[in-house]
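The sequence and structure are shown first.

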Amino acid sequence: MVAMDQRESLRQMFAAATGARVGDETLTSFKLAVARQVGPHASGFLVDQDYGFHRIAAERTVRGGLIIAVDSLRQEPDGPVEDTAIDERVDLSAAREAGAVAAKLLLIWRDDEHRGRRLDTAAAFVRRCADAGLLSVLEGVAKPAAGQEASFDGRAAVREAARELAALRPSLYKAQVPLGGAAPEDRLLEECARLDEVIPVPWVVLSQGVERDDFPAAVRAACRAGASGMLAGRAIWSDVVGSADVPAGLRNLSVPRLKHLAAIVDQHARPWNAR
């Protein structure tokens with residue numbers, strides 16, 4: 001599945017690639033191009049309502065399941081996402097009528113005094129999706145709490161986030177790749193197996209934080225350990241951002257990558273309805 005719900009982070013990617021800060025229309029145009037060129041080859045396509053969901057839903061270029069992002073992101077200009085909430089502007093029932101089959105919430109997980117509040121937010125998201133007749137995709141991204149950067153154990157935090165959030169029984173849990181994918185595949189397999197032990201629902205991996213060339217091995221390790229695939233963006237299309245010919249770049253670079261990743265998933269993944 002392809003993730004195309006990046007917002008300010010995508011604007012940052014354009015600035016890094018072109019040296020200029022682009023407007024909203026450029027973000028929307030890029031997302032539409034990814035949907036048109038890559039979407040037909042994906043089993044799922046994730047996008048936000050501000051930059052393309054309604055256009056993509058109306059065009060019906062995505063043959064797989066259409067997923068709407070419902071996270072409101074808190075981040076400083078040109079900074080990382082620090083916290084999230086449910087975007088109350090997103091009408092889940094209307095999204096379903098438009099063609100969505102699922103909704104996704106990103107939750108920044110930290111071991112701090114706001115842990116309970118974040119868990120309540122995630123639980124509310126799962127309930128709202130069920131009420132609207134949508135599948136729920138819950139994405140946990142573990143980050144250190146303030147003052148804990150030096151002692152932060154990323155592997156343990158990724159597992160603890162998964163254990164806590166997946167226990168809420170979303171339809172699908174979207175997990176970080178342990179070790180950032182920067183390890184031999186046998187080591188990744190070991191860590192992914194430990195992750196699989198604490199996740200009671202189907203799960204997939206995301207590509208943020210993983211080098212593009214490392215991602216296929218990471219997907220293979222995760223699927224061998226019990227994952228049902230991947231929901232990734234940067235590992236598929238990041239080097240096409242700022243290209244002079246975006247459609248050609250997507251056809252020549254992104255589509256073959258997605259097909260290669262899909263072949264790995266087909267060979268090694270646990271079917272998502274088998275859990």
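## Secondary structure and basis

The protein chain comprises ten helices and nine strands, where helices (H or I, at least four residues) and strands (E, at least two) are DSSP runs numbered from the N terminus. The model is predicted: local features need pLDDT of at least 70 and side-chain atom pairs count only at pLDDT 80 or more, while totals for chains, interfaces and linings use all residues. Residues are numbered from 1 along each chain as its sequence is written, and side-chain values use heavy atoms, with hydrogens and water left out.

## Overall dimensions

Along the principal axes, the C-alpha atoms fill a box of roughly 45 × 40 × 40 Å.

Of the contacts (heavy atoms within 4.5 Å) with a separation of 6 or more, 69% join residues 24 or more positions apart.

## Interior

Buried residues (under 20% relative accessible area, 1.4 Å probe, protein chains only) make up 54% of the 275 residues. A nonpolar core is a set of buried Ala, Val, Leu, Ile, Met, Phe, Trp, Tyr and Cys residues joined through side-chain atoms within 4.5 Å. The largest such core has 82 residues, of which Phe30, Phe45, Tyr173, Trp203, Phe215, Met230 and Trp237 touch the most other members. A second, separate core of ten residues includes Ala102, Val137, Leu172 and Leu231.

Leaving aside neighbours within four places in sequence, Trp203 is in contact with residues including Leu172, Tyr173, Asp196 and Arg275.

Terms used: Buried means under 20% relative accessible area, exposed over 50%, partly exposed in between (1.4 Å probe, protein chains only).
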